[in-house]
Amino acid sequence: MCGIIAVVRRRSDRHPPTAAAVLGHLDGLAARDAALDLDGLRGVADAVGAVDLSLRGAAGVRALLDDPELAVALDARLADLDRDVAATERWLDDAGHDVADIEATNAAIVAAKDALWAVRRDRLRTAAAVGALAGPGAHAAAVEAYTSVQLALSALDRLEVRGRDSAGLTVLVRGHDLDLATPATAAALADRADPLFGDRAVCAAEGQLSFVYKAAAEIGELGDNTAAIRASIATDHLLRRALEHPDAQVLVLGHTRWASVGIISQPNAHPLSSEELDRVAADGHPYVTGGLNGDVDNYADLKVSEGLRIPAEITTDAKVIPTLVARRLVVGATPDEAFRAAVSVLEGSVAIAASVAAEPGRLHLALRGSGQALYVGLADDVFLVASEPYGVVEEATRYLRLDGETPADPDNPTASRGQIVVLDSDRAGTPEGIVRRSYDG
């Protein structure tokens, strides 16, 4: 199974809503501690739904972080409305009540509960979590970056039902202004260089900084891996320094694993990097990270035929994916063509996500076969990628599903079956930011 999650964001052009504007949606909704009629339920659903829309995205997070009293006031108002909706449900459950349109009333209750849940459990929770990650006084760019990280962590929690023996998250930072040659920064990078790409490894590649956080355990409970990763990110002062510049942006790629090829370990946790024993980013080699759902049936053959020099501790088949992309970049292929050519030689049913440091604002996706799935959610200023719809709906109001089975060319079904998608952060959240091709290009 396994689960992929990714967040591709552009700079938000929305201004944070004011407290008056947010709370104004609730004007006229007084707590009654009693059952609501149909119009009252619909009023709650519409008003709270408007609050939800106003607080989505990084702008909503900034509004709640900039004005902590707004979160307190909002939660109190919504708690009252929650009680009203609950009282209505209890009233309907009691025998003897004659409701003219029971179906419409039930639908209105569901809509009201959904809206209340979205604001109380998604918007307020997200802002609090971003504040804990970013620390006090974070500027807009840092808030946007940590919002992407939080969305990925939240989705990983949801996707753990697909596999939870290990998990990983990479944060590719561009636009930072760290001088990597200063003794302190160079020492920090050297201390965190790790050829096995384990927890808290950092790689300086082609002007970008790639941070990775991982957890692995044969026995554990749901949420353990994400909690460990969250704690590691929250205490990473080098990441916080990299995000201090107002031009800093991130691309986030995460994965939760159900081990099928390779033991359960941090080196085998996805995402994995393209670095080989003799080909590392520090020496100027292309740098790629990637994650896999499914199995690459011919990975052992590819290691031999391509002469891949992979550390012995890394035994997962997913390692060949970023490595093959990097090998094709070396011989002059564009990132788009290098990714397409690499995934085209893989046998098996696969879903793949990868990023190339040379193009840090673009994410590459591939789906082939019937055993896997990938969804791309579209929201304000952001693409959310996940292996299940429930991984994107916290933030996205619409999504598309990749099709890994239908051939694009009926006359050439084998080569054209499967889809490759490239997401562009400059147009994140819009259909124009999505390029979709078949496997044959």
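Q: What does contact mean here, and which residues does Thr-170 touch, not counting residues up to four places away in sequence?
A: Contact means that heavy atoms lie within 4.5 Å. By that rule Thr-170 touches Phe-197, Phe-211, Val-212, Leu-251, Val-252, Leu-253, Pro-271 and Thr-289, when residues up to four places away in sequence are not counted. Before going further, note that this is a predicted model, in which local features need pLDDT of at least 70 and side-chain atom pairs count only at pLDDT 80 or more, while totals for chains, interfaces and linings use all residues. Residues are numbered from 1 along each chain as its sequence is written, and side-chain values use heavy atoms, with hydrogens and water left out.

Q: Is Thr-170 buried or exposed, and in which strand is Thr-170 found?
A: A residue is called buried under 20% relative accessible area, exposed over 50% and partly exposed in between, using a 1.4 Å probe and protein chains only. Strands (E, at least two residues) and helices (H or I, at least four) are DSSP runs, numbered from the N terminus. Thr-170 is found in strand E2, residues 166-174, and with a relative accessible area of 4% Thr-170 is buried.

Q: How many bridges join E2 and E5, and in which sense do they pair?
A: Two strands pair if DSSP finds at least two bridges between them. E2 and E5 are joined by nine bridges in the antiparallel sense, and Ser-166 has Arg-257 in E5 as its bridge partner. E1 also runs antiparallel to E5, with six bridges, among them the one in which Ala-6 is partnered by Leu-253 of E5. E5 itself is mostly covered, since eight of its nine residues are buried.

Q: What is the order of the open sheet of six strands, and which strands stand at the edges?
A: The order is E6-E7-E8-E9-E13-E14, with antiparallel pairing. E6 (272-273) and E14 (434-438) stand at the edges, and each has a single partner strand, so one side of each is left without a neighbour in the sheet. Five bridges join E13 (residues 419-424) to E14 in the antiparallel sense, and Val-421 stands opposite Arg-436 in E14. Helix H12 (residues 335-344) packs on the sheet and touches E8, E9 (359-368), E13 and E14, and its direction makes about 25° with that of E9.

Q: How should I read the angle and the crossing of H2 and H5?
A: Axes are lines fitted to C-alpha atoms, for helices over the stretch in contact, and angles run from 0 to 180 degrees between N-to-C directions. Angles under 35 degrees count as roughly parallel, over 145 as roughly antiparallel, 65 to 115 as roughly perpendicular and the rest as oblique. The axes of H2 and H5 come within 8 Å and cross at roughly 30°, which means that H2 is roughly parallel to H5. A crossing is left-handed if the near helix is turned anticlockwise from the far one by less than a right angle, and right-handed if clockwise; H2 passes H5 in a left-handed crossing.

Q: At what angle do H3 and H6 pack, and which residues make the contact?
A: Helix H3 (residues 57-66) and helix H6 (residues 140-159) pack at about 115°, with axes 9 Å apart, and H3 passes H6 in a right-handed crossing. The contact is made by Ala-58, Val-61, Arg-62 and Leu-65 of H3, together with Ala-140, Val-143, Glu-144 and Thr-147 of H6. In general, an α-helix has 3.6 residues a turn, so residues three or four places apart point the same way.

Q: Why is H3 largely enclosed by the rest of the structure?
A: Seven of the 10 residues of H3 are buried, so H3 is largely enclosed. Its buried residues pack against E1 (3-9), H2 (38-55), H4 (68-93), H5 (102-134) and H6.
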